[in-house]
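This report describes selected features of the structure shown below.

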Amino acid sequence: MKLVTAVIKPHQLDAVKEALHTLGVAGLTVSEVQGYGRQKGHTEVYRGAEYTVEFLPKIRVEVLTDEIDVEKIVDAVVAAARTGKIGDGKVWVTAVEEVVRVRTGERGLDAL
Amino acid sequence: MPELDSGATAWILTSAALVLLMTPGLALFYGGMTRSKSVLNMMMMSFGAIGLVSLLWVFYGYSIAFGEDIGGITGDLSAAGLRGMLESGTEGGIPDLLFAGFQLMFAVITVALISGAIADRAKFGPWLLFAGLWATLVYFPVAHWVWGGGWIMELGVLDFAGGTAVHINAGAAALALALVLGKRVGWPKDKFKPHNLPMVLLGAGLLWFGWFGFNAGSAGAANGAAAVSLINTQVATAAAVLGWIVVEWLRDGKPTTLGAASGAVAGLVGITPACAFLEPLGAIALGLVAGAICALAVGLKYKLKYDDSLDVVAVHMVGGIIGSLLIGFLAIEVLAGEGNAGLFYGGGIKLLGLQAVGVIAVLVYSFVVAYVIGFAIEKTIGFRLSADAEVEGIDNAEHAESAYEFSSTGGGGGAFAAAGIGASAVPKPEPTEPVSEKVAG
């Protein structure tokens with residue numbers, strides 16, 4: 001089993017969610033996060049003073065899946081999250097040892 | 001003894017209530033500008049000033065400001081406790097006691113104004129001590145100088161509603177305290193954006209509303225001077241809103257709500273000393289200048305590296321100076337009195353010179369005494385909060401409260417509370433150890 005984690009632009013969340021929904025992904029978790037990649041931050045002027053904003057608001061999307069669907073999910077997330085501008089984010093995949101559905105106690109693929 | 005004028009009395013009663021409302025308005029204006037972890041302390045400084053200064057005014061403040069003059073420097077203590085005033089005169093058609101009550105509100109807000117310079121980092125007890133000492137040693141005597149028959153008034157300096165006595169006075173003290181207390185943790189590197197701008201705008205609106213009592217009430221009667229003051233207060237403030245946001249637009253690229261609110265207050269401050277002495281077009285010119293210059297003046301603290309947190313210096317000190325000096329250019333003789341025409345209205349340089357004397361005297365006196373009081377408090381009982389408590393948030397550290405409890409999992413009966421996260425009631429044990437935090441507090 002795999003965990004697909006994507007850090008995306010907040011505005012792209014809806015597109016990513018729709019793309020995953022179309023693939024039949026049954027559940028996902030999102031959280032508001034802050035970070036920066038190669039684009040770094042930017043400067044802002046407020047009330048006559050200039051500030052560097054290093055961490056930018058991003059959304060983290062997490063999806064649990066099996067080995068078969070993982071490539072399709074990664075591709076769908078990347079396609080939906082891409083605007084072509086700097087700061088579009090990243091998607092990565094990690095291996096997951098075990099998954100348990102709390103309500104029924106089902107384990108492994110049955111719990112997905 | 002003049003007879004009681006019921007129209008004048010009704011208007012000053014109303015004005016006194018309007019001016020009182022300015023201090024809670026100021027609390028909202030300042031409170032919205034702080035970070036969410038220090039809004040309560042900010043507002044408490046204003047409410048603390050209402051509590052303390054109101055009483056001091058009755059005990060001896062009124063008497064120092066408006067008692068029998070001693071050498072042009074101070075009033076005597078003949079009216080201490082407001083005794084002997086219950087059946088006393090009706091100077092100018094209103095009861096003396098009403099005049100004392102109206103002026104009480106000015107003393108309160110002047111002290112509260114200072115607090116904006118020391119947001120997030122001043123211990124509350126020492127603030128109250130400072131407020132009491134500064135009111136006693138600075139505000140009460142300066143009010144005497146300017147309005148109570150003291151030397152500035154005798155010189156012929158014009159200050160209708162408090163450009164010198166209120167705004168320069170408070171602004172100079174604010175600068176002194178900002179220097180004594182030093183910069184906040186992270187300033188100026190981090191951005192200290194206001195946490196609640198609707199609150200700032202509401203506060204500015206209440207200040208604007210109450211200011212009609214402040215300025216038009218300073219006519220002391222329901223008369224032509226009150227009418228001139230009211231219209232001038234409105235148009236100067238309107239012009240200053242535009243003046244400020246235009247400067248921001250050009251300098252920073254965007255007009256901000258904080259700029260609109262600050263511009264309004266800068267205009268109100270600027271017109272305060274001048275409101276009864278100008279024609280409306282003059283008031284508009286004054287407002288535009290006050291709004292634009294004060295907007296530029298907020299940049300000073302970054303250049304000179306003093307953390308005047310909420311721009312009390314840029315708005316009140318600078319705005320007060322602009323308003324007081326512009327009287328020397330824009331005053332109209334028929335309104336300001338025989339020989340008091342401004343430079344642009346055929347007068348000479350004399351009035352401007354007098355205004356400058358008033359400005360400098362109050363600015364220097366207030367700055368020096370405020371610095372000495374603040375420094376003495378810092379070196380004895382300590383004025384500045386510990387860095388830890390400042391970072392954690394002064395609201396919790398000084399007042400055991402926080403302004404916003406939003407979490408659905410926290411709070412009484414919430415999931416976190418049930419799991420023991422946050423505080424839950426426990427039977428109080430007998431204190432065995434000395435509670436070091438509390439003592440050190």
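## Nonpolar cores

In this predicted model, the largest nonpolar core contains 158 residues. The members that touch the most others are B:Val111, B:Ala173, B:Leu177 and B:Phe277. When residues up to four places away in sequence are left out, B:Val111 touches B:Ala49, B:Val53, B:Ala131, B:Trp134, B:Ala135 and B:Tyr139.

In soluble globular proteins, nonpolar side chains tend to be buried together.

## The sheet of chain A

Chain A has an open sheet of four strands, ordered E2-E5-E1-E6, with antiparallel pairing. Strand E2 (29–35) and strand E6 (89–95) of chain A each have a single partner strand, so one side of each lacks a neighbour in the sheet. On average, neighbouring strands of this sheet are turned by 20° against each other, direction ignored.

Strand E1 (residues 2–8) of chain A runs antiparallel to E6(A), and seven bridges join the two. Within this pairing, A:Val7 has A:Lys90 in E6(A) as its bridge partner.

## A helix across the strands

Helix H2 of chain A, residues 70–81, lies across E1, strand E5 (56–65) and E6 of chain A. The helix runs at about 5° to E1(A).

## Contact between the chains

Six residues of chain A are in contact with ten residues of chain B. On the chain B side, the residues comprise four nonpolar, two polar and four charged.

Key. Residues are numbered from 1 along each chain as its sequence is written. Chains are lettered from A and ligands numbered from 1 in the order in which they are written. This is a predicted model: local features need pLDDT of at least 70, side-chain atom pairs count only at pLDDT 80 or more; totals for chains, interfaces and linings use all residues. Two strands pair if DSSP finds at least two bridges between them. Axes are lines fitted to C-alpha atoms, for helices over the stretch in contact, and angles run from 0 to 180 degrees between N-to-C directions. Two residues are in contact if their C-beta atoms, placed from the backbone, lie within 7 Å. A nonpolar core is a set of buried Ala, Val, Leu, Ile, Met, Phe, Trp, Tyr and Cys residues joined through C-beta atoms within 7 Å. A residue is buried if 20 or more other C-beta atoms lie within 10 Å of its own, exposed if 12 or fewer, and partly exposed in between; C-beta atoms are placed from the backbone. Ala, Val, Leu, Ile, Met, Phe, Trp, Tyr, Cys and Pro count as nonpolar, Asp, Glu, Lys and Arg as charged, and the others, Gly among them, as polar.
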